[in-house]
Amino acid sequence: MDWIYKINDPILITFLASVLLFIVVILLTRLIGLRSFAKFTAYDFAFTIAIGSIISATLTSSTTVAHGSTAIASLLVLTFIFSFLQRRFPALNSLISNKPLLLMKGNSILESNLKHARIHKSQLIAKLREANVTNFDQVLAVVLETTGDISVLHKASSSDSVELQSDILKDVRETP
């Protein structure tokens, strides 16, 4: 029965290590940037990697099921607590999650924002093509989302008089 639980298992250390690793992964992904893990927020990425690593260690090493279960449970409890705290304290949410970044405002490319986000102009142009933009005058805004996706907001033709509602760009940073 040693594979289920060993009397000398350091379960408290496992819990603390899980919390520490979770925080380290979030901090590192925040430093590396949004485009590093497209479709994931830093928070999602940290959680996914941590759970995968724990499952792998439990299945392929001498780590017991109790040890692995404690680690997974501690991460799930941690995500529950973080979700609650993020809703309650918006400052914590901005600390954990990146805010979207404006890459184009109207037909103007914001070069400093591209540089900050480590996005090449050719990547931006490719996203404009994917959105069927044929003229820069069609562009209302281009946003680097928190998931690393690039959203292109545009009108059908450059002669259309379409206004962008301010709520659409709420919480989007104009400067890095």
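Which residue takes a positive phi in the hairpin of E1 and E2? In this predicted model, the residue is Gly106, with a positive phi near 65°, in a hairpin that has 2 residues between the strands. The report below places that hairpin in its setting.

**Overall architecture**

The chain contains 6 helices and 4 strands. Read from the N terminus, its elements follow the order α-α-α-α-β-β-α-α-β-β. Of the 176 residues, 34% count as buried. The chain exposes about 10800 Å², and 62% of this area is supplied by carbon and sulfur atoms. Among contacts with a separation of 6 or more, 59% are made by residues 24 or more positions apart.

**The sheet**

The 4 strands form an open sheet with antiparallel pairing, in the order E2-E1-E3-E4. E2 and E4 are the edge strands, each pairing on one side only. Strand E1 pairs with both E2 and E3, as set out below.

| Strand pair | Sense | Bridges |
|---|---|---|
| E1 and E3 | antiparallel | 4 bridges |
| E1 and E2 (residues 108-109) | antiparallel | 2 bridges |

Toward E3, Leu101 has Leu144 as its bridge partner, while Leu102 stands opposite Val143. Toward E2, the bridge partner of Lys105 is Ser108. Because 4 of its 5 residues are buried, E1 is largely enclosed by the rest of the structure.

In soluble globular proteins, nonpolar side chains tend to be buried together. The largest nonpolar core here has 16 residues, and those with the most contacts inside it are Leu103, Met104, Ile119, Leu124, Leu128, Val142 and Leu144. Strands E1 (101-105), E3 (139-144) and E4 (150-154) each supply at least two residues of this core, as do helices H5 (111-117) and H6 (121-130). Apart from this core lies another, of 12 residues, which includes Ala46, Ile54, Ala71 and Phe82.

**Helix H3 and Ser74**

Helix H3 has 24 residues and reaches 34 Å from its first C-alpha to its last, close to the 34 Å expected at 1.5 Å a residue. Its buried residues are Ala66, His67, Gly68, Ala71, Ser74, Leu75, Leu78, Thr79, Phe82 and Gln86. Of these, Ala71 and Phe82 are also named in the core of 12 residues.

Ser74 is found in this helix, which covers residues 65-88. Its relative accessible area is 5%, which is under the 20% limit, so Ser74 is buried. Not counting residues up to four places away in sequence, Ser74 touches Phe15 and Ser18.

The side chains of Gln138 and Thr134 are joined by a polar contact of 2.6 Å. Leaving aside neighbours within four places in sequence, Gln138 is in contact with Asn132, Val133, His154, Lys155, Ala156, Ser157 and Ser158.

Terms used. Residues are numbered from 1 along each chain as its sequence is written. This is a predicted model: local features need pLDDT of at least 70, side-chain atom pairs count only at pLDDT 80 or more; totals for chains, interfaces and linings use all residues. Side-chain values use heavy atoms; hydrogens and water are left out. A nonpolar core is a set of buried Ala, Val, Leu, Ile, Met, Phe, Trp, Tyr and Cys residues joined through side-chain atoms within 4.5 Å. Buried means under 20% relative accessible area, exposed over 50%, partly exposed in between (1.4 Å probe, protein chains only). Contact means heavy atoms within 4.5 Å. Two strands pair if DSSP finds at least two bridges between them. Accessible areas come from the Shrake-Rupley method with a 1.4 Å probe; for residues, only the protein chains shown count as cover. The expected span of a helix is 1.5 Å times one less than its number of residues. A polar contact is a pair of N or O atoms within 3.5 Å; within protein, one must be able to donate a hydrogen and the other to accept it, and residues adjacent in sequence count only if both atoms are side-chain atoms.
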